[in-house]
Amino acid sequence: MSNVAVIGAGAWGTALAIVLGRQGSHRVRLWTREEEVCRAIRDHRSNDLFLPGYSLPESVSPTTDPQEALDGATLIISVTPSQHCRAVFHALAPHLHPEVLIASASKGLEESTLMRMTQVISAVVEEDRGFRPRVGALSGPSFAQEVARGDPTAIAVASHDRELAEAVQQELSDPGLRVYTNDDVIGLELGGSLKNVIAIAAGICSGMGLGHNSVAALITRGLAEITRLAVACGAHQHTMYGLAGLGDLVLTCTGDLSRNRSVGVELGRGRT
């Protein structure tokens, strides 16, 4: 039985903890900043603040202690908000060792530096501990509620460390979740970040009642712009036509559970 640490108990982190826990082959520690979330999971096996209505398996142990979360972990899945990633890894760094595998499942760029999350994690660990961590990224079209429910979902993990990518694939895959591997970390992370801008615009179109034609045009031309930018940053073009690019873009621009699309809808209706 493997030990996995999930860092961040928001909706997505909780959903991934559920996936890992229901397999019965992992001991999962779910780290959260919020004491109330920790108590709710420990006492009631539910995260009513961020993912209400879904029960967490007994194999998932919540904690607010970084050392306890990482004790014995061979795999760390980071699901912290992108603007808090740096601070969280400064807190985690004293408890990291060079062999541990780290997969970032956070979508976004650091606002002050425009660094991707794997870049932030690597920079912090090198600064604080003096070694380069084994790191990759996890992304794709995946609403947390549907993943927690066990609906069929496909995502991708990218890393230049093939062993890491295959380990994440093996640990996360179950009948409801299929994980593909590649080595395009830049493309995977930028696809998961840049699509949010297009999703807000798609929501604005819907909020203004502009119809399906407008949204379809926006998604198509938005993908072209995302691809050009990602390739200029070093990504592979074909990555943008896969799960982490086109797949995530379509879901975020059309799905009712998309927070970015919902923001756009309200903006299109004239709300601020």
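Two salt bridges are counted between domain 1 and domain 2, a salt bridge being a side-chain nitrogen of Lys or Arg within 4 Å of a carboxyl oxygen of Asp or Glu. Side chains of opposite charge can pair when their charged atoms come close. In a salt bridge of this model, the side chains of Asp248 and Lys107 meet at 2.8 Å, N to O. The structure is a predicted model, in which local features need pLDDT of at least 70 and side-chain atom pairs count only at pLDDT 80 or more, while totals for chains, interfaces and linings use all residues. Residues are numbered from 1 along each chain as its sequence is written, and side-chain values use heavy atoms, with hydrogens and water left out.

The two domains themselves span residues 2–183 (domain 1) and 186–269 (domain 2), with bounds that come from an automatic or database domain assignment. Their C-alpha centres lie 24 Å apart. Where the domains meet, 23 residues of domain 1 are in contact with 16 residues of domain 2, contact meaning heavy atoms within 4.5 Å. About 1500 Å² is buried between domain 1 and domain 2, with carbon and sulfur atoms giving 71% of that area; buried area is the accessible area (1.4 Å probe) that two parts lose on being put together, summed over both. On the domain 1 side, the residues that lose the most area to domain 2 are Arg116, Pro141 and Phe143, which together account for 40% of what that side buries.

Five residue pairs, both residues at pLDDT 80 or more, are in polar contact between domain 1 and domain 2. A polar contact is a pair of N or O atoms within 3.5 Å; within protein, one must be able to donate a hydrogen and the other to accept it, and residues adjacent in sequence count only if both atoms are side-chain atoms. Among the elements that each supply at least two residues of the side of domain 1 touching domain 2 are helix H5 (117–129) and strand E8 (134–139). Strand E9 provides the largest share of that side, five residues.

The C-alpha atoms fill a box of roughly 50 × 40 × 35 Å, taken along the principal axes.

How values were computed: Helices (H or I, at least four residues) and strands (E, at least two) are DSSP runs, numbered from the N terminus.
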